[in-house]
Amino acid sequence: MVGKKKKKGSKLVVNIVLGVICFIWLLPTLGLLISSFRPATDILQSGWWKVLPHQEWKAGDTIHLSKDVDLRKPIDVEGKTYSDDQLKNGVMADGSRLIWENRRARDISVQEQGWVTSTKLTTENYLNVITGKEYTIKNADGSETVEKGTGLSQAFWNTLTIAVPATVIPVLIASFAAYAFAWLRFPGRKTLFVLIIAMLVIPIQVALIPVLKDYTSLGLNGSYLGIWLAHTAFGLPLVTYFMYNFISQLPKDLFESAFIDGASHFNIFSKLILPLSVPALASIGIFQFLWVWNDYLVSLIFIGNQPNVQVMSMKIADLVGSRGNDWHLLTSAAFISMLMPLAIFFLLQKYFVRGLMGGSVKG
Amino acid sequence: MKKTIGSKWSLLMVLCLSFTMTLSACGSGSKAGPTTEEPKTPTTTNTTPTDDAGSPLDKALKGEYKGKKVTMFGPFVDADQKKFEASIKDFEEKTGIDIQYEGSKEFEATINIRVDGGSAPDIADFPQPGLLASIAKTGKVVDLTKVLDQDKLKKNYNQSWLDMSTMDGKDGKIMAGIWNRSNVKSLVWYPKKQFEDAGYKVPQTWDEMMALTEQIAKDGDPAWTIGIESGAATGWPATDWVENIMLRTTTPENYDKWVKGDLPFTSPEVKHAVEVMSKIWMNKDYVYGGNKSIVTTAFGDAPKPMFENPPKAWFNLQGNFITSFFPATAKVDQDYDWFYLPPIDSQYGKPVLVAGDIYAMFNDRPEVRAVMDFFTTGESIKSWVQSGGVIAPMNDASLDWYTSESDKRMAKLVQDATTLRFDGSDLMPGKVGAGTFWKGMTDYVSGTATLDKALEYIQSGWKN
């Protein structure tokens with residue numbers, strides 16, 4: 001009885017700790033979400049938390065001083081003297097705050113504290129991102145034409161076209177390879193496996209220029225096939241290693257009995273291994289998909305910025321403008337690009353945790 | 001049922017096999033890559049013009065290159081890309097040449113990889129000539145002296161522009177590019193309407209400007225609003241200040257020596273320039289938010305206090321592109337305007353600091369020549385000039401094209417300048433101009449380094 005109570009108590013503590021961690025973890029995302037609904041001018045001026053009710057100094061009376069007051073000497077305000085710096089930062093006097101309202105006109109504002117919520121919200125950021133920004137271009141005669149830019153939709157489909165094959169191909173190849181490494185006996189098996197694992201430590205940056213040279217001579221630059229292959233090659237070592245860990249842990253008896261029944265390797269792979277390794281396939285699939293979806297570097301080098309192939313991450317970078325003048329649009333763009341990974345994750349999440357364990361726990 | 005699944009799998013198997021084969025083909029290729037001789041880029045094959053019947057541009061206008069494609073790669077995106085596309089539309093329709101522009105925010109990083117990887121665009125737009133100079137040394141840039149009519153260029157550009165496009169090639173000097181857009185960096189922006197209402201007058205000399213700064217401080221506002229924060233490039237607006245003051249306190253020859261690295265940062269000339277700058281920057285009554293806020297204010301946010309009512313600050317020194325950061329409601333010539341950063345020492349005349357975009361050619365094909373030829377004409381940028389934000393460096397660009405008084409005055413300023421000099425930090429090697437110069441100035445302004453230490457640190461960029 002006592003033990004049970006203790007267990008319940010500790011569970012509560014664990015839950016609270018987890019809750020706090022989750023909250024801290026989610027806080028930046030929450031801030032981003034709120035920011036994405038705020039008008040651009042507000043984002044520049046104040047933090048997202050100002051949307052929540054908070055105490056703020058509100059303007060009350062105004063004290064007018066003489067125009068000739070020298071700001072570099074102590075300033076006399078209703079019998080008391082203050083320095084200019086004090087009045088710049090605000091100074092307390094009888095429960096209210098004195099601060100310059102208009103320093104040029106020598107106006108001082110007497111502020112009282114009060115509750116404020118700034119609830120100015122807008123969907124403009126999302127509209128700009130989804131349907132494209134509007135550009136006003138002046139003509140020779142002074143008239144203006146409004147041109148509509150492209151939104152994210154084309155880039156969204158481009159990214160999907162890249163991400164799905166770039167996930168399926170490496171996962172498939174790696175499963176075949178993992179099965180061979182785990183259950184087939186052939187000469188050089190260990191050496192080959194170590195070679196593949198060794199590839200994990202090679203940074204992809206060193207391969208960019210050599211691969212680009214080959215792509216140029218093969219004419220693969222800027223084509224979907226080129227980037228599928230690039231992502232496949234860069235992803236294979238990790239995916240193979242992950243799938244090997246899972247498949248090599250499957251019980252040996254299973255294969256022996258299947259062999260005795262006369263099954264070929266291909267049959268064993270397709271009828272036994274694949275159905276059994278769905279959790280592993282799903283979790284590594286999510287990993288690879290996220291990597292490809294969020295990728296910027298590989299796309300930058302191999303596919304470029306032409307609108308018909310441009311991926312989301314690059315389109316979003318372009319949205320802020322040549323000199324970063326529209327950076328507030330990043331807030332809403334980030335959320336839109338997040339939707340797809342989130343959807344994939346929630347669809348496959350029940351496999352995700354199982355798959356993660358599958359690679360690590362023996363037996 | 002079982003059979004269909006089986007056939008499906010074998011189909012997948014075949015698919016995968018074919019992929020692995022392509023993959024392995026690629027793999028062996030990349031291994032062979034470094035050992036084989038450098039592939040001959042189309043750059044080196046020089047197709048000489050077949051006849052002198054007309055310039056490439058004339059031929060293109062006759063429709064000889066109809067249906068040909070010319071790829072172009074540059075750093076501008078978004079609104080600027082729209083303006084660019086509008087300015088080449090007419091040319092594309094007339095000639096049938098399709099100019100495929102690709103803009104990337106990562107231009108500086110990508111262009112080297114593309115050129116090294118053999119997939120250079122036909123034409124690239126370099127905002128920093130220093131970057132082009134380093135690529136020109138590898139010999140991968142087409143020498144334009146053989147491609148474009150030199151007499152025509154001499155007629156259409158000031159000599160200083162042509163000098164600035166001559167760079168070191170693999171063997172000897174080459175003309176690495178042509179200037180297509182320029183912007184002016186000696187401008188002080190101010191809120192015109194309120195400025196006039198307050199009874200201030202545009203200063204004609206540096207002393208007048210300092211007197212006005214003091215006057216504004218007495219009236220209750222800091223005169224200047226300065227921000228040098230710009231992400232990884234933090235510090236660059238400070239380099240514009242130093243360059244502007246250098247041109248006003250020493251000879252153009254000294255400026256050129258300084259840009260080349262012959263006049264060190266630790267020399268009295270450079271130190272004096274930074275000291276002149278410090279008289280404004282380090283006075284907390286003269287700078288909005290005090291000198292501490294300079295480093296943390298984004299250069300694009302700096303002009304914002306000028307547009308509050310009443311303005312909280314009055315002056316912002318910045319190139320003409322800064323107008324894209326101004327509030328959309330503010331009107332040029334009415335709400336805001338600029339004045340020329342006044343001379344300090346009358347013996348150095350009226351120097352103007354400019355920057356610009358230089359177009360370089362990587363692949364020599366007749367249609368690319370035609371497009372390059374087109375870019376040397378004012379016509380190629382007419383509609384961009386009309387929509388504002390750029391100054392055309394060509395002589396055949398008419399002043400009437402500028403739709404705002406402000407832009408027109410700017411173009412005139414460039415034409416009348418006694419000394420025209422390019423932004424020094426863009427010409428210096430990247431390690432200095434986009435490295436220690438930025439960092440050293442930031443350290444000095446934020447107070448983490450003394451002036452001498454900062455200048456020594458900037459100078460150290462030349463060593464390695």
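Predicted model: local features only at pLDDT ≥ 70, side-chain atom pairs only at ≥ 80, totals over all residues.
**Figure 1. Confidence along chain A.** Chain A has a mean pLDDT of 86, with 94% of its residues at 70 or more. The stretch to treat with care is residues 359-363 of chain A, where the pLDDT is below 50. Leaving out near neighbours in sequence, that stretch has four contacts in the model.

**Figure 2. Where chain B meets chain A.** On the chain B side 57 residues are in contact, and on the chain A side 53. Between them, the two chains bury about 4800 Å², with 60% of that area on carbon and sulfur atoms. On the polar side of things, there are 15 residue pairs in polar contact between chain B and chain A, counting pairs with both residues at pLDDT 80 or more. Which elements of chain B give two or more residues to the side that touches chain A? They are α1 (2-35), α3 (79-95), β2 (98-103), α4 (107-116), α9 (206-219) and α14 (382-387). The largest share is that of α1(B), with 11 residues.

**Figure 3. Asp78(B), a loop residue with a partner on the other chain.** Chain B and chain A have four salt bridges between them. One to zoom in on joins the side chains of Asp78(B) and Lys133(A), at 2.6 Å from N to O. Asp78(B) sits in the loop between β1 (69-74) and α3 of chain B. Its backbone is worth a look too: phi of Asp78(B) is near 65°, a positive value in a residue other than glycine. With a relative accessible area of 13%, Asp78(B) is buried.

Figure 4. Over all chains, the salt bridge count comes to 29. Asp116(B) and Lys140(B) form one of them, with N and O 4.0 Å apart. Asp116(B) belongs to helix α4 and Lys140(B) to the loop between α5 (129-136) and α6 (150-156), so this pair ties together parts of chain B that are 24 residues apart in sequence. Are these two partners buried or exposed? Asp116(B) is partly exposed at 33% relative accessible area, while Lys140(B) is buried at 15%. Lys185(B) and Asp240(B) form another salt bridge, with their closest N and O atoms 3.2 Å apart. Here the loop between β6 (178-184) and β7 (187-190) supplies Lys185(B) and helix α10 (residues 236-249) supplies Asp240(B), so parts that are 55 residues apart in sequence are tied together. Both Lys185(B) and Asp240(B) are buried. Then there is Asp364(B) with Arg369(B), whose closest N and O atoms are 2.7 Å apart. Asp364(B) is buried at 5% relative accessible area, and Arg369(B) is buried at 7%.

**Figure 5. Helix α18 of chain B and its buried side.** Helix α18(B) spans residues 451-460, and its buried residues are Leu451(B), Ala454(B), Leu455(B), Ile458(B) and Gln459(B). Why do they lie on the same side of α18(B)? They cover an arc of only 135° around the axis, and that puts them there. An α-helix has 3.6 residues a turn, so residues three or four places apart point the same way. Among the elements that cover these buried residues are α12 (268-281) and α17 (430-446) of chain B.

**Figure 6. Met210(B) and what it touches.** Met210(B) is part of helix α9 of chain B and is buried, with a relative accessible area of 18%. Setting aside residues up to four places away in sequence, Met210(B) touches Lys279(B), Ile280(B) and Tyr286(B). For a sense of scale, the C-alpha atoms of Met210(B) and Trp241(B) are separated by 15 Å, with the two residues 31 apart along the chain.

Figure 7. A cis peptide bond joins Asn309(B) and Pro310(B), with omega at about -5°. Pro310(B) lies in the loop between α12 and β8 (316-317) of chain B. Over in chain A, Arg106(A) has a positive phi near 60° without being a glycine. Arg106(A) sits in the loop between β5 (96-102) and β6 (107-116) of chain A and counts as buried at 4% relative accessibility. Also in chain A, a network of salt bridges links Asp84(A), Lys88(A) and Arg103(A).

Terms used. Residues numbered from 1 in each chain as written. Chains lettered and ligands numbered in written order. Heavy atoms only, no water. pLDDT = per-residue confidence, 0-100. Contact = heavy atoms within 4.5 Å. Buried < 20%, exposed > 50% of the residue type's maximum accessible area, 1.4 Å probe, protein only. Helix = DSSP H or I, 4+ residues; strand = E, 2+ residues; numbered from the N terminus. Arc of directions from axis to C-beta. Buried area = accessible area lost by both parts, 1.4 Å probe. Polar contact = N/O pair within 3.5 Å; in protein donor to acceptor, adjacent residues only side chain to side chain.
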